[in-house]
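Open your viewer and get ready to select a few residues at a time. This short tour tells you where to click and what you will find there.

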Amino acid sequence: MEDNLVTVAIHTYDKAQILKSVLEVHGIDVFIHNVNQILPIGVRVRIKESDLPKALGIIEEMNNREALEKALEELNKKPMVLLPIDFSPYTMKACEFAFPLAASMDAEIVLFHAYLPPSFTTMPIGDVINHEGTTEESALEMMEKAKSQFTELEAKIDEFIQKGEMPQVKYRHVLREGVPEDQILGYADRHMPKLIIMGTRGCDQKDVDFIGSVTAEVIERAHVPVFTIPDSVSLSKFGEIKNVAFSTSFDDKDLIVFDKMMSMLKPNNASVHFIHFDKKDDSWAEIKLSGIKSYFQENYPQQKIEYHLISGSDVLTAYDEFIRNNNIDAIVLTTHRRNLLSRLFNPSMARKMLFNTDIPMFVFHA
């Protein structure tokens, strides 16, 4: 019977070469297909069909070893703060907030940039899709431009650190090709940062695509806390956050979120305002708020905490009024993961607040 070739793996060029070398050491003939030296992605590793059982055993052993090494590496490495950037004018503002926060957490920073490949840039003409810039050369140009922008940004960061305007924090950069929100979330799921910090547009920029915002998608779908910094924020540094509004729904998980928040804000010695919104006065809300007050008096006796019930016909208006009247520097919200239809037709409070406030926002995920 003819011994057909079968694809046993699809890797980048470098990983395909490693797998080829390992399999050949074990006496398996390996053939590399679809090799593209300019954009070395999607390389097929092919072997004879008769060698498939042996090859699969070797690959499984390799994967198990890699998983163990990765687990040990994750266990021993420093905490990490993920800072997605787009090289816009407010990227440095996000850095000025991120570096002191990372320093207080003894964490390193990953500067993360994702760009859409040229094949995503299409223009429909009648029933025909015209792909603009789908050549390998244009993809390389985008990659080289991003690398150059990283070099410029890192030079600015180093200058700020040398002048003492930002703390000495270990940092590195990661460049990815693909849909930005998917790449950010995928990286966060694999590496589990302690926090994602993202710059955002101000609430006066109403031309923002509400559904398609990268930051909004990350807020909704991430498994780790997200800290957003509007470009129009009046504060210049993280240490200036001294007055925090903590939105509560009287969920037990709010107590866990409060602990996480306090660990981040401890160096700031910030005051906390517990706020609960109801469309109308609710006696049960008074009772629940009283219970929360007793809990925090016992567990956080030194922490300055105030408690507020706010009401009105519109939650955003009520929150905005409270923020302005109480000189709030940042707001803390808890959100829950929901399916796509829920996110489209019933946006979360965190998503609504993202485009209706000019103060930093902590979003924790229940």
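The model is predicted, so local features need pLDDT of at least 70 and side-chain atom pairs count only at pLDDT 80 or more, while totals for chains, interfaces and linings use all residues. Residues are numbered from 1 along each chain as its sequence is written, and side-chain values use heavy atoms, with hydrogens and water left out.

**Stop one: a pair within a helix**

Select Lys20 and Glu24. They form a salt bridge, their closest N and O atoms being 2.8 Å apart. A salt bridge here is a side-chain nitrogen of Lys or Arg within 4 Å of a carboxyl oxygen of Asp or Glu. By this rule the count comes to eight. Both residues sit in helix H1 (residues 13-25), four residues apart, about one turn of the helix. Helices (H or I, at least four residues) and strands (E, at least two) are DSSP runs, numbered from the N terminus.

Buried means under 20% relative accessible area, exposed over 50%, and partly exposed in between (1.4 Å probe, protein chains only).

**Stop two: a link between strands**

Next, pick Arg172 and Glu108, a salt bridge whose closest N and O atoms are 3.7 Å apart. This pair links distant parts of the chain: Arg172 is in strand S8 (residues 171-177) and Glu108 in strand S5 (residues 108-115), 64 residues apart. Arg172 is partly exposed at 33%, whereas Glu108 is buried at 8%.

**Stop three: along helix H4**

Move to Glu144 and Lys147, where a salt bridge has its closest N and O atoms 3.9 Å apart. The two are three residues apart in helix H4 (residues 136-162), so about one helical turn separates them.

**Stop four: two helices together**

Finally, show helix H5 (residues 180-191) and helix H6 (residues 214-221), which pack at an angle of about 35 degrees with their axes 9 Å apart. Axes are lines fitted to C-alpha atoms, for helices over the stretch in contact, and angles run from 0 to 180 degrees between N-to-C directions.

Which residues meet here? Pro180, Glu181, Asp182, Ile184 and Leu185 in H5 touch Val214, Glu217, Val218 and Arg221 in H6, contact meaning heavy atoms within 4.5 Å. While you are here, highlight Asp182, Glu217 and Arg221: salt bridges that share partners join them into one network.
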